[in-house]
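Reader: I am new to this one. Please walk me through it in short steps.

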Amino acid sequence: MKSESVLGIQPELLRWARKTVGMSVTEVADSLKRKPEEIESWEAGHSAPTYPQLEKLAYQLYKRPLAVFFLPEPPEETTPQREFRTLPTADLQTLSRDTYLQIRRAHAYQIALKELFGGHNPASRCIWKSLSLSIRGDLAQQAQQIRQFFGVTLEEQIAWKSDTIALKQWRQAVEDCGVFVFKAAFKQKDISGFCLMDENLPIIYLNNSTTKTRQIFSLLHELAHLLLSINGLSKFDTDYIARLPESEKQLEIFCNAIAAEILIPGRDFAIQAERFPANIEGAPETLLSDLAGRYGVSREVILRRFLDLGRVSRVFYENKTMRWSAQKQPAGGGNWYLNQGAYLSDRFAKEVVSRHFRGQISLEQASDFLGIKPKSYAGFEERILQGSGA
């Protein structure tokens, strides 16, 4: 029996739901195995989808409750185009569906945090309430203030023997200062991360598909956004910065510089750089790798430091970083519970598990907060209690 079209759907809701996940009419049509003209007809109000088609639109493509399509008008939401000014307009318009959904998920986590903690931050010290950054201020001094707030010395940093340990330690330092750090494996590989400012419960969201050294840099880059009191969305390739309006361009250059200065204090780097031959472009790559290992950063960050000092050419820098980027291997699978635990803010996950243990929230509520199915909760809880890694 042929399904009939659903009555009462607002065409404006169909257009809104599609645009808020960054999908084109053609992409929706391909997913439903329909012609684009049929989707356009639905959105114009000339026809309507059947119930099975509406379910697929709502649950699989747009990730919306079915009831939203029967509202009189679209609910008020902040779009990435209005929310972030650290990417050029053209880049914001080409965000993938997955990136839209990751941003929406981050907003959901922020709502969950407000519910769990009653709108108050559980940290004893909130870094954004104690420190603020200025792009016209002394870079080294501001980076040192952040380090001192973290309580992380250069000697401690050098003692971290792997990028896994380094990421875990930097992430813990940021979370101890009141910022909740979440991660996800983005399908849009060129997105490095973003942050959502809030008076009490700010969030940093990292792309777990990038290397751990890149995640560390992105973590501190997004922290700089928060300390400038702005939402930020950043890409792995920094070419986008040149296409920003001048004021936003200076902000992004500053955030990159402050992240690099926190990770690689200029005075120490100057001492280490003296040990390099005059012709760095002809030096063995192992020298760069060893220096990157000292600070727990990527070779690109080290080479960028030498570029800023004028000791390598831009052509050499770009050729090297392009080759290194092509050598990177995608992240593997691993244990699902371990991965899921690493994706969530440690303080957030432990609070959910603790409240469920004390009987303050149900299994279903705890699972909903964590974004998992109730049947997976026991295994997830065990991993959280054991420590879920970086």
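Author: Buried means under 20% relative accessible area. The model is predicted. Glu-43 has a relative accessible area of 7%, so Glu-43 is buried.

Reader: Which side chain meets that of Glu-43 in a salt bridge?

Author: Side chains of opposite charge can pair when their charged atoms come close. Here the N to O distance is 2.7 Å, and the partner of Glu-43 is Arg-18.

Reader: How many residues apart in sequence are the parts that Glu-43 and Arg-18 tie together?

Author: Glu-43 lies in helix 3, and Arg-18 lies in helix 1 (residues 11–19). Arg-18 is buried, at 10% relative accessibility. The pair therefore ties together parts whose separation in sequence is 25 residues.

Reader: Is Ile-39 buried or exposed?

Author: Ile-39 also sits in helix 3 (residues 36–44). Beyond its neighbours within four places in sequence, Ile-39 contacts Val-25, Val-28, Ala-29, Leu-32 and Arg-34. Its relative accessibility is 1%, so Ile-39 counts as buried.

Reader: Which side chain does a polar contact of 2.5 Å join to that of Asp-268?

Author: Asp-268 is in helix 14 (residues 266–273). Asp-268 is buried, at 12% relative accessible area. Leaving aside neighbours within four places in sequence, its contacts are Leu-154, Arg-294 and Tyr-295. The polar contact joins Asp-268 to Tyr-295.

Methods: Residues are numbered from 1 along each chain as its sequence is written. This is a predicted model: local features need pLDDT of at least 70, side-chain atom pairs count only at pLDDT 80 or more; totals for chains, interfaces and linings use all residues. Side-chain values use heavy atoms; hydrogens and water are left out. Helices (H or I, at least four residues) and strands (E, at least two) are DSSP runs, numbered from the N terminus. Buried means under 20% relative accessible area, exposed over 50%, partly exposed in between (1.4 Å probe, protein chains only). Contact means heavy atoms within 4.5 Å. A polar contact is a pair of N or O atoms within 3.5 Å; within protein, one must be able to donate a hydrogen and the other to accept it, and residues adjacent in sequence count only if both atoms are side-chain atoms. A salt bridge is a side-chain nitrogen of Lys or Arg within 4 Å of a carboxyl oxygen of Asp or Glu.
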